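Dear colleague,

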Amino acid sequence: MEFLGLDHGFLQRALLAVILLAPLCALVGVPVVNLRLAYLTDAIGHTALAGVAVGLLIGIDPRLSTVVLSLLLGVIILAVARRSRLSTDTVIGILASTVVAGGLALLSRERGLAREAQRFLVGDVLTVTPLDLGLLAAVAALTLGILGWRWNRLLALAFDPDLAQVHGRAGRADRLLLGVVLALSTALIVRSVGVLLATALVVIPAATARTLSSRAALQPWLALGAALVAGISGLLLSAQPTIATASGPTIVLMAALLFGLATVLRR
Amino acid sequence: MAAPLPFLEAPWARPPTVDLHEVGAMRGEVTVLHDVTARIPHGACTAIIGPNGAGKTTLLRCLLGLLPHTGTITRRFERLGYVPQRLTLDRSLPLTAEEALTIAVSDRPVFFGLSKAARERARALLAEVCADHLAQRPLGGLSGGELQRVMLAQALGREPDLLVLDEPGTGLDTHGHRLCCDITADARKRRGITQVMVSHDLDIVAAHADHVILLDRTVLRQGPPSTVLVSEVLDRAFGRHGAHA
C-alpha cells in the first residue's frame, strides 16, 4: 500500500499550519472549556460565514471582515446578555442565528459569491498559502502572549467568578479579552478547517485534556499534545490515496477518537 | 503599661470596619433589602442571621461590591478575604489545593509549574488551617470540610483586614463546622482581622460571634449575642423553631 509522505510542498505547508494551529487551538480551548464558552465559540465560528460574505461583497479580505464581525458579535453578545433577562445561551442563539441568516441572505443574492464562500464553509488546510502561514504565526504568537499573561486570572475566573472579582483577580475585562482572542483565532482556524468544524478543533483537545488531568499545570500541555497528535495524524491520513478524505474533518475525527480514548481511560 | 493589642480592645472602641447606612437592594421588581443601617465592629466577629429569604447573602454581596444597592456602605479596610459558599465553586476544574492558592496571587502561568517560593507559601498557608497534607490533592477529591479549609487558606493568603464568609457551615457536620470556626477565630485573634459571616447555625453564632445582626429584609436587632440571641426576639423572627432556622 502506498503511503504519501511529506515530500510534497503543499503537505509540508499544511503540516506547518497544523503545527501552528495546535498550540493556538489548545491554549484558546482550555479557558473556553473551563469557562463553559463552547457555545459562544460555535457562534463566533458560524459568524465567519457572514464575515466571508460581507468581505467578498465589499471587496476586502474575508479574513479581515470575519475578524471584525466576530469581534462585534462577541461584544454585542456580552453587552446584551448583561442587560437581558434571558440566559446567555439564548442571547447567543438569537444573535448568532441572525448574523448567519444575514450572511446566507447575502450569499444567496450573488451566485458567484456562494461558490467562493463554500471554500470557507468546509476549509482546507492543504491549500494554505505562505501568507496564511505568516498570519497564523503572528496571531498564534499574539494570542499565546495574551493568554499567558492572563492565564492564572482566567483560571481563577473559571473556579469562581465572584471570588475572582472580589479578590481583584479577574472580571468582565478578562472575559472580553478572551472574546477578542477567540474572535481572532477563530477567523484563522476557519480558513483551515472551515466554519462547521472550527469549534471542534478548539473544544475537543481541551476537553480531552480536562478529562485526563487533575492538575491545572498539566491541562494545557495535554491539550497541546492532543491537538498535535490529532492534527498530524488526521492530515497524513487524509492525504493517503486509499483514504482520500477532506483534511479538516479527518483531523476533527482523530481529535474525537482521542477524546473517546481519554474518557475510557479516565474510567 | 504597654498599650493593649488591637484585638484585645473592645470592638466598639474604634470606628466600625464597615458602616451600612440605609442600604437597599432589589432583585428584579422585588425589594430584598430596605433601610438596612448596621455596622461591622473593628476586630470582632460579626454574624448576620435571619430566616430564609431575609436577604443575608444579598447584604453580603452588596458589601462585597457584587450587587448594586442604594444607601451608603463605608468601607474602612484595605484588603478583603472572601470565602464563598462551596456550592458556587467549580469543583470539576482540574486544580490542586496549592495551585488554587497560587493562582489567587501570582501571574506566573501555572502551566510553567509552581515556583519553590509559591509552593512554600501555599504549604505555610495550608498549615495555618491544619491542611498542609492536602497541598497536592485535586480540589474535586476533597471533602466539604477540607475544601472549606483550603478556601479559608486562600482568603488568609490575601492578608486581609476583613474576612467575609458566606454560610461557612453549609454541608458540614457539626464537628467540621466547629473546626472551621475554631481555625477562623484563631486566625482572627493572631492577625487582628475583622470577620463577617452569614450563618444559619445559631449555636455556632452564640459560641463564636461578638456582634450579631438579625435581618429580615431590614435590621430587626443588632448587638452582642446576649441581646439578640434571646428567645422572644428569635421567636418573632424565625417562628418557634428558631434555633435552627
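Does B:Glu78 count as buried or exposed? At 70% relative accessibility B:Glu78 counts as exposed, where buried means under 20% relative accessible area, exposed over 50% and partly exposed in between, with a 1.4 Å probe and protein chains only.

This is a predicted model, in which local features need pLDDT of at least 70 and side-chain atom pairs count only at pLDDT 80 or more, while totals for chains, interfaces and linings use all residues. Residues are numbered from 1 along each chain as its sequence is written, chains are lettered from A and ligands numbered from 1 in the order in which they are written, and side-chain values use heavy atoms, with hydrogens and water left out.

B:Glu78 forms a salt bridge (a side-chain nitrogen of Lys or Arg within 4 Å of a carboxyl oxygen of Asp or Glu) with B:Arg79, their closest N and O atoms being 3.9 Å apart, and B:Arg79 is partly exposed at 35%. Over all chains the count comes to 17 salt bridges.

Another salt bridge pairs B:Asp107 with A:Arg169, at 3.2 Å between the closest N and O atoms; B:Asp107 lies in a loop of chain B and A:Arg169 in a loop of chain A, so the pair joins two chains. Here A:Arg169 counts as buried at 6% relative accessibility, whereas B:Asp107, at 35%, counts as partly exposed. B:Asp90 and A:Arg210, with closest N and O atoms 3.4 Å apart, are both buried.

Best regards

Methods. Helices (H or I, at least four residues) and strands (E, at least two) are DSSP runs, numbered from the N terminus.
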